[in-house]
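These are my notebook entries on the structure shown below.

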Amino acid sequence: MTLTTTNFEQTAAREAEFQLATYKKMKLAAVRGRGAWVETSEGERFLDLYGGHAVAATGHCHPHVVEAIRAQAGELLFYSNLVYSEVRARAAEKLVSCAPAGITKAFFCNSGTEANENAMRMARMFTGRENIITFTGGFHGRTADAISATFLGKYREIGRPNVPGHLCAEFGSIASVAALADETVAAVMLEPIQSMAGVRQAQPEFYGALRELCDARGMLLIYDEVQTGVGRTGEWFFAGSKTGANVVPDIITLAKALGSGVPVGACLTTETVAAHIKENDLGTTFGGGMLAMAAVNATLEAIERDGMLENARTLEGYLRESLKVVPEVARVRGAGLLLGIEFTDEIAAKIHQGLLNEHIITGTSSDARVLRLLPPLCLKREEVDLFVEALKRVLS
Ligand SMILES: Cc1ncc(COP(=O)(O)O)c(C=O)c1O
């Protein structure tokens with residue numbers, strides 16, 4: 001029997017009846033999306049500055065992405081990595097061509113946590129060492145190894161008993177990394193901008209110092225770019241960007257925006273690391289499937305063709321400028337369209353709800369003062385104006 005949804009209450013009640021209650025949900029049922037807008041079952045439109053948690057970088061239902069997925073679905077939905085595929089070859093080539101010089105190889109998987117698990121495994125295989133240094137405030141996913149690498153609030157506790165092989169350094173402190181970096185350490189892994197922690201960024205010198213320390217002590221450097229990657233910061237990646245002091249890590253992990261909503265993750269790495277990875281060292285059934293690969297190609301093409309990297313940088317500037325007149329805003333953190341609006345008080349949750357009442361979706365973070373914006377990279381100036389006006393109303 002096919003159940004049809006007629007209104008929000010019915011949908012919400014059925015989700016509650018048949019699903020685990022693992023998410024604190026906003027009171028709306030999304031049925032349709034276009035650009036930066038989401039339409040609900042009640043026909044209401046919401047401006048989505050959360051981007052479905054940084055996934056909808058190309059905007060909701062970008063026509064080029066939708067068309068590519070439709071076309072691929074009619075040809076071949078899936079075949080495993082045991083056969084070659086032109087659409088997979090194109091996705092790997094295109095993705096590597098967007099990456100900074102020196103990053104030459106891709107491995108496809110299905111999610112951010114899985115990309116991080118594989119990145120840590122690669123580092124352990126490459127160095128023959130076991131420990132991974134990660135940072136206070138970093139979030140890396142919810143599977144066993146990734147959650148054990150996560151030193152943010154309650155998350156590590158949820159994953160108990162944590163797996164061994166993890167050390168924690170203070171984000172932004174090179175001395176604290178140096179104190180842990182002995183011959184047991186395979187890699188240092190970080191979110192170069194810590195999103196969930198409230199869009200925290202280290203001083204530019206930190207990234208260069210980390211690169212030097214990793215080289216000096218035989219450790220790999222892994223950037224978890226699950227949020228910062230695929231154009232979010234106004235560059236293809238934080239890795240190799242000016243914002244990131246031009247530092248290139250040994251491994252970059254990606255997910256979220258990579259397939260515009262079709263689940264896909266990836267690890268990108270260098271020729272040197274790749275040379276150590278042999279048949280059967282890594283693998284996953286769905287990684288590199290044709291539908292996901294078509295989505296990757298179309299996502300990267302759409303970002304390029306529509307000039308979304310430049311748009312993200314321009315609108316970052318416009319947002320920062322527009323927010324200068326709001327006295328309750330202490331500062332704006334982040335880069336491109338990964339922004340944390342820091343208020344003078346711990347009011348982010350209230351503002352989030354107030355904006356939702358104004359039909360604007362934003363994100364909170366583990367910092368009660370910080371409201372997060374992760375909108376589609378095709379955001380328009382008029383949409384920023386709508387947000388700033390609504391924010392002023394909510395604050396008053
Ligand atoms: C920086 C970062 N790494 C890893 C993950 C985990 O990704 P996924 O939920 O796709 O497993 C997330 C998810 O929010 C993330 O923000």
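This is a predicted model: local features need pLDDT of at least 70, side-chain atom pairs count only at pLDDT 80 or more; totals for chains, interfaces and linings use all residues.

Entry 1, pocket. I find that 28 residues line the second largest pocket, and that Asn 81, Ala 106, Phe 107, Phe 108 and Leu 282 lie nearest its centre. On a 1 Å grid over the protein atoms alone, a pocket is an open set of points where a 1.4 Å probe fits, with protein on both sides within 12 Å along at least five of seven lines, and lining residues have an atom within 4 Å of a point. The elements giving two or more residues to this lining are α4 (86–98), β4 (103–109) and β12 (265–270). The largest contribution is that of β4, with 4 residues. Helices (H or I, at least four residues) and strands (E, at least two) are DSSP runs, numbered from the N terminus. By class I record 14 nonpolar, 9 polar and 5 charged lining residues. Here Ala, Val, Leu, Ile, Met, Phe, Trp, Tyr, Cys and Pro count as nonpolar, Asp, Glu, Lys and Arg as charged, and the others, Gly among them, as polar.

Residues are numbered from 1 along each chain as its sequence is written, and side-chain values use heavy atoms, with hydrogens and water left out.

Entry 3, ligand. I looked up which residues surround the ligand: there are 13, the closest being Gly 112, Thr 113, Asp 224, Gln 227 and Lys 256. A residue counts as near if one of its heavy atoms lies within 4 Å. Helix α5 (residues 112–127) gives the most to this shell, with 3 residues. The shell divides into 2 nonpolar, 8 polar and 3 charged residues. A backbone N or O atom of Gly 112 is 2.8 Å from a ligand oxygen atom, and a polar backbone atom of Thr 113 lies 2.9 Å from an oxygen atom of the ligand. For Phe 139, a polar backbone atom is 3.4 Å from a ligand nitrogen atom.

I count 14 helices and 16 strands in the protein. The C-alpha trace spans about 55 × 50 × 40 Å along its principal axes.

Most residues other than glycine have a negative phi, and most peptide bonds are trans. I find a cis peptide bond between Arg 160 and Pro 161, with omega about 0 degrees. Pro 161 is in the loop between α7 (155–158) and β6 (166–169). Val 230, not a glycine, has a positive phi of about 60 degrees. I place Val 230 in the loop between β10 (220–224) and β11 (251–254).

Note on methods
A polar contact is a pair of N or O atoms within 3.5 Å; within protein, one must be able to donate a hydrogen and the other to accept it, and residues adjacent in sequence count only if both atoms are side-chain atoms.
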